[in-house]
Amino acid sequence: MFNNLDELKTYSDELRNKKESCDCVEVLVGMSSCGIAAGAKEVMKALQEIIEQRGISGCVKVKQTGCVGMCYNEPTMEIKRGDESILLGPVNVEDAENVVDMHIGNELKISKYVIGNKFKTCLD
Amino acid sequence: MIEQYRIVLRNCGVIDPDSLDDYIKQYGYQALGKTLAEMTPADVVAEIEGAGLRGRGGGGFPTGFKWKIAAQQKSDTKFVVCNADEGDPGAFMDRSVIEGDPHSIIEAMAIAGYAIGASMGYVYVRAEYPLAIERLNRAIDKAKEKGLLGDNILGSDFSFDLEIKFGAGAFVCGEETSLIHSIEGYRGEPTTKPPFPAVEGLFGKPTIVNNVETFANVPAIILKGKDWFRSIGTESSPGTKVFALAGKINNTGLIEVPMGTTINQIIFEIGGGIPNGKKAKAIQTGGPSGGCIPVKYFDTAIDYESLKALESMMGSGGMIVLDEDTCIVDTAKFYLDFTVDESCGKCTPCRIGNKRLLELLEKVTNGTADENTLNDIQSLSQVIKDTSLCGLGQTSPNPVLSTLKFFPEEYKEHIVDKKCSAFVCKELYQYVINDSCVGCTLCSKKCPVSCIEGEVKGVHIIVQDDCIKCGKCYEVCKFNSVDLVPGGLSNV
């Protein structure tokens, strides 16, 4: 419960400043209707399973997000490591293992899945 | 090289739409907090008016002015309505925003409520968007739990509640008076304006109706100020616009660019150009109320005025790319067919006029039009525009009028030469087998209506009277012996 603007601002700052205990990787899977129609739900499940198998689930978080707008590359995902991020797509179920090894296990910046960087927003 | 700049889509694909923490991390609800703690309602209206934000649903009406009128009304009850009844063919930006960033709409509607003195809001979402509804519902619940919606928001004496109403799938309900009647429980039919909804709207009370994309701009304007917003885009149309690229384009999808970006930049720099090495012919903007802009105007910087000057309109931001294989008369017919389906039937010009207009277009595409048909199309279109009750009817002939203005030769070709160069209008072309046929009989075996005759090793013939023009023979022939030629009117 927020009782005033200051409480909200303080909480917002805390969230932004929270440093992860390890070099945590965030995987954001595009899960709007469009992504789901292209198979994003299955891809997300496959990613989670493979990450579990590799024993790296402690430092990799798989999350859903909205649509980044690149319909022509669905299912899309973003891999975030600290301030760095890359957009990947199309990543289908059969590509999940590749993506985990190339972009999560290793820190490859270039592969056939990379489709660009994050878009510039008014909050940058 | 033009780059995207995202205000409306700032959180789409960045945050988890089901996480309030994610939204708060992105400065979420701080704009609402700022308005409640530091601004008077009049300040908020002045900020939005000063920013020059215009309605992103299509008309481009100044949002701040709408809010000002509603704020000036003396009434114990007022309403804020979010129009998420997105219906233009090829447009899906509202769905993406609600599915990807539902809290931004909640926050913006509460800000609007504070500005005009409303304590209740409705989001009118089409029922075909179940995921959007689900995520919006969850977001509303979470915001209420944390005191960001409901009674005494952030400890202030301002209270605001939200309810979701489902549209039943009528295109006309995107028109604000129809939308209001639909929420009230009546048939989704328009009524005349004035009185404008800002004066007398939902349940007879002052109501502002704004589009999803318009609302999504509001928190950013409050946080960063009107001058910042004015520094983006053009003088008369500040800010950015989201476009849904569809049709014959490589990179289909949602993009957000500053107003004033040219069509060329959108299609070729961001959209990646036309597939299969084809040439662009035109773009269709504004949906069934808009028009087709030919390739020679692709260096136009897009804003509300420039598109209007080209007989089209901004609309909600659907941008459908047509390549050289597109028949422009057929395109106009497609949009008119949509309008005929979606006309609510209340006023005669729209109900019957559009039906008759569609019949005239059908005469053009099936080769039965004569020298008077174009005049009839022109004059009927003008009558429909002048006399229809609501925006749907008043703009419905636009796809016809704009294509007639920019592609008159294509209409004439259909009418005078009885020819469709794009080979789209079925009555105006036919398949014939030329002398290079070796008589392999493959086409006659594949023909679904068995209308290809001939001996083995002899030249085959298509019996035109029975041909349904499915193109199967053309596809399967290994010797290029099937030609697509103009003509064939004899079978009509």
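Author: Two strands pair if DSSP finds at least two bridges between them. The model discussed here is predicted.

Reader: What makes β6(A) and strand β1 of chain B a pair?

Author: Two bridges join β6(A) to β1(B), residues 5-6 of chain B. Pairing requires at least two bridges, so the two strands meet the definition. They run parallel, and A:K120 stands opposite B:Y5 in β1(B).

Reader: Which residues make up the contact between the two chains, and how many come from each?

Author: Chain A gives 30 residues and chain B gives 42 residues. On the side of chain A that touches chain B, α1(A) gives the most, with seven residues. By class, that side of chain A has 14 nonpolar, 11 polar and five charged residues.

Reader: Why is helix α17 of chain B said to be largely enclosed by the rest of the structure?

Author: Seven of the nine residues of α17(B), residues 398-406, are buried, so the helix is largely enclosed. A residue is called buried if 20 or more other C-beta atoms lie within 10 Å of its own. Among the buried residues of α17(B) are B:P399, B:V400, B:L404 and B:F406. The cover over them includes β9, α13 and α14 of chain B.

Reader: How do you know that α5(B) and α7(B) are in contact, and which residues make the contact?

Author: Residues are in contact if their C-beta atoms lie within 7 Å. The contact is made by B:R95, B:I98 and B:E99 of α5(B) and by B:L131, B:A132, B:R135 and B:L136 of α7(B). These residues divide into four nonpolar, no polar and three charged. The helix axes come within 8 Å and cross at roughly 35°, and the crossing is left-handed.

Methods
Residues numbered from 1 in each chain as written. Chains lettered and ligands numbered in written order. Predicted model: local features only at pLDDT ≥ 70, side-chain atom pairs only at ≥ 80, totals over all residues. Axes fitted to C-alpha atoms, helices over the stretch in contact; angles between N-to-C directions. Helix = DSSP H or I, 4+ residues; strand = E, 2+ residues; numbered from the N terminus. Left-handed = near helix turned anticlockwise from the far one by under 90°. Nonpolar A, V, L, I, M, F, W, Y, C, P; charged D, E, K, R; others polar. Buried ≥ 20, exposed ≤ 12 C-beta atoms within 10 Å, placed from the backbone.
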